[in-house]
Amino acid sequence: MKEQFVCDCDVVHQEIINQVEILDDTLTFDIADFFKIFGDSTRVKILWALEKHEMCVCDLAYLLQMTKSAISHQLRILRDHKLVKVRKDGKFVYYQLNDFHVKDILDKSLEHLEEGK
C-alpha cells in the first residue's frame, strides 16, 4: 500500500512565502510548452542521436527505422523550438543540437531517471 502524504493543517508559513517569487504566467506557459517537445519519444531519440553527432535526415531515418518524411516532420518541430539547427554542405543538410543546453537537459533527465533506480 502506498503511503499518502497530506498536509492536515491550516497554517501559512508567511516567512517562507515571502522568500518565493512565482514566475509570471507567460513564462510558465513558455516553459511548459518547451517541455512538451520532450513528451514525444521520437523527438527524444532524434535529440539523443544528435547529441552524439550531427546527422542528415537519411542517417536519422535509417537509425530510427522511420521514413524520411516522418523524421523531417519531427526535425521541423525541433527546429521551430530552437532545439536543433541546420548546417548545409553542398547538397547535404546536416542537423545538430542548437546548443549545449539541449545536451544538458538530456543528460540531466537521464541522470535523474537513473538516480531513482
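**Figure 1. Burial in the predicted chain.** In this predicted model, buried residues account for 23% of the 117 residues in the chain. Of the contacts between residues at least 6 apart in sequence, 50% link residues at least 24 apart.

**Figure 2. Overall dimensions of the chain.** The radius of gyration of the chain is 20 Å, whereas a compact globule of 117 residues would have one near 13 Å. Along the principal axes, the C-alpha atoms occupy a box of roughly 65 × 40 × 20 Å.

**Figure 3. Secondary structure along the sequence.** Six helices and two strands are present in the chain. Their order along the sequence is α-α-α-α-α-β-β-α.

**Figure 4. Packing geometry of helices H4 and H5.** Helix H4 covers residues 57-64 and helix H5 covers residues 68-80. The two pack at an angle of about 110°, and their axes lie 9 Å apart. H4 is therefore roughly perpendicular to H5, as the angle falls in the range 65 to 115 degrees. The crossing of H4 past H5 is right-handed.

**Figure 5. Residues in the contact of H4 with H5.** On the H4 side, the contact involves Val57, Cys58, Leu60, Ala61 and Leu64. These meet Lys68, Ile71, Ser72 and Leu75 of H5. Sorted by class, the contact of H4 with H5 comprises seven nonpolar residues, one polar residue and one charged residue.

Technical notes:
Residues are numbered from 1 along each chain as its sequence is written. This is a predicted model: local features need pLDDT of at least 70, side-chain atom pairs count only at pLDDT 80 or more; totals for chains, interfaces and linings use all residues. Side-chain values use heavy atoms; hydrogens and water are left out. Axes are lines fitted to C-alpha atoms, for helices over the stretch in contact, and angles run from 0 to 180 degrees between N-to-C directions. Helices (H or I, at least four residues) and strands (E, at least two) are DSSP runs, numbered from the N terminus. Angles under 35 degrees count as roughly parallel, over 145 as roughly antiparallel, 65 to 115 as roughly perpendicular and the rest as oblique. A crossing is left-handed if the near helix is turned anticlockwise from the far one by less than a right angle, and right-handed if clockwise. Contact means heavy atoms within 4.5 Å. Ala, Val, Leu, Ile, Met, Phe, Trp, Tyr, Cys and Pro count as nonpolar, Asp, Glu, Lys and Arg as charged, and the others, Gly among them, as polar. The radius of gyration is taken over C-alpha atoms; the globule rule is 2.2 Å times the number of residues to the power 0.38. Buried means under 20% relative accessible area, exposed over 50%, partly exposed in between (1.4 Å probe, protein chains only).
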